[in-house]
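The sequence and structure are shown first.

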Amino acid sequence: MPLTQAQKNSIEHKARMFLVENDAARMPIEPEALAQRVGLSVRYAAIPGNTIGKLDRDKKIIVVDAWLEDDPSYARCVISHELGHWNLEENDAEETLAEAAMASDTKSEDKELAASLFARAMLMPRPYLEKAVEIYRSEKQWEQYDSLIDYISSLFRVTKRKAKLRLEECGFVL
Ligand SMILES: [Zn+2]
């Protein structure tokens with residue numbers, strides 16, 4: 001089931017509060033520094049299978065698959081997604097979350113959607129995104145959506161996929 005508008009609003013709010021509480025006001029957001037600030041260490045290690053990230057709530061570790069060290073934008077998205085689980089499920093039973101690269105099973109689908117939205121909202125806060133789009137539009141003679149995605153992706157240091165999703169959910173679609 002897709003998230004309801006109320007759920008989305010609540011996640012956006014929690015992501016905003018998380019940034020405010022941790023004095024993260026400058027772009028690009030540094031998810032690894034934020035993780036450390038809340039007591040989580042980030043470690044790169046080979047994870048078997050198609051799992052790309054894990055949150056071990058017990059040991060307070062975020063594990064990122066080793067190959068992502070060569071893809072910082074992707075790694076930043078994975079760490080932010082784990083911070084989403086950390087913030088949104090703090091009252092849940094302690095468990096190690098293993099992330100699959102592709103779709104997740106339906107049981108945990110809502111939690112995955114929620115953590116991913118948290119990650120996008122944290123890495124590309126709406127007011128900053130709006131400002132960035134405004135600057136982009138003022139500098140361009142005409143708009144090309146692909147080039148806007150590239151611009152947002154490099155400015156906020158996120159994958160193009162995340163940039164595209166964020167632009168769409170914030171209403172910037174050509
Ligand atoms: Zn997840």
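## Crossing of α3 and α4

α3 passes α4 in a right-handed crossing. The two helices, α3 and α4, pack at an angle of about 115°, and their axes lie 7 Å apart. The model is a predicted one.

On the α3 side, the contact with α4 involves Arg76, Cys77, Ser80, His81, Leu83, Gly84, His85, Asn87 and Leu88. These meet Lys111, Ala114, Ala115, Ser116, Phe118, Ala119, Met122 and Leu123 of α4. By class, the residues of this contact comprise nine nonpolar, six polar and two charged.

α3 consists of 17 residues and spans 24 Å from its first C-alpha to its last, close to the 24 Å expected at 1.5 Å a residue. Of its 17 residues, 14 are buried, so α3 is largely enclosed by the rest of the structure.

α4 consists of 15 residues, and its span from first to last C-alpha is 21 Å, close to the 21 Å expected at 1.5 Å a residue. The buried residues of α4 are Glu112, Ala114, Ala115, Leu117, Phe118, Ala119, Arg120, Ala121, Met122 and Leu123. They pack against α1, α3 and α7 (160-169).

## Domain arrangement

The protein chain is divided into domain 1 (5-123) and domain 2 (124-174). The centres of domain 1 and domain 2, taken over C-alpha atoms, are separated by 22 Å. Twelve residues of domain 1 are in contact with eleven residues of domain 2.

On the side of domain 1 that touches domain 2, the elements giving two or more residues are α1 (5-21), α3 (72-88) and α4 (109-123). α3 gives the most to this side, with five residues. The side of domain 1 that touches domain 2 has eight nonpolar, one polar and three charged residues.

## Backbone features in loops

The peptide bond from Met27 to Pro28 is cis, with omega near -5°. Pro28 lies in the loop between α1 and α2 (31-37).

Lys60, although not a glycine, has a positive phi of about 55°. Lys60 is found in the loop between β2 (51-56) and β3 (61-65), and it counts as partly exposed because it has 13 C-beta neighbours inside 10 Å. Arg157 is likewise not a glycine and has a positive phi of about 55°. The loop between α6 (145-155) and α7 holds Arg157. With 19 C-beta neighbours inside 10 Å, Arg157 counts as partly exposed, because a residue is buried if 20 or more other C-beta atoms lie within 10 Å of its own.

Key. Residues are numbered from 1 along each chain as its sequence is written. This is a predicted model: local features need pLDDT of at least 70, side-chain atom pairs count only at pLDDT 80 or more; totals for chains, interfaces and linings use all residues. Domain bounds come from an automatic or database domain assignment. Two residues are in contact if their C-beta atoms, placed from the backbone, lie within 7 Å. Helices (H or I, at least four residues) and strands (E, at least two) are DSSP runs, numbered from the N terminus. Ala, Val, Leu, Ile, Met, Phe, Trp, Tyr, Cys and Pro count as nonpolar, Asp, Glu, Lys and Arg as charged, and the others, Gly among them, as polar. The expected span of a helix is 1.5 Å times one less than its number of residues. A residue is buried if 20 or more other C-beta atoms lie within 10 Å of its own, exposed if 12 or fewer, and partly exposed in between; C-beta atoms are placed from the backbone. Axes are lines fitted to C-alpha atoms, for helices over the stretch in contact, and angles run from 0 to 180 degrees between N-to-C directions. A crossing is left-handed if the near helix is turned anticlockwise from the far one by less than a right angle, and right-handed if clockwise.
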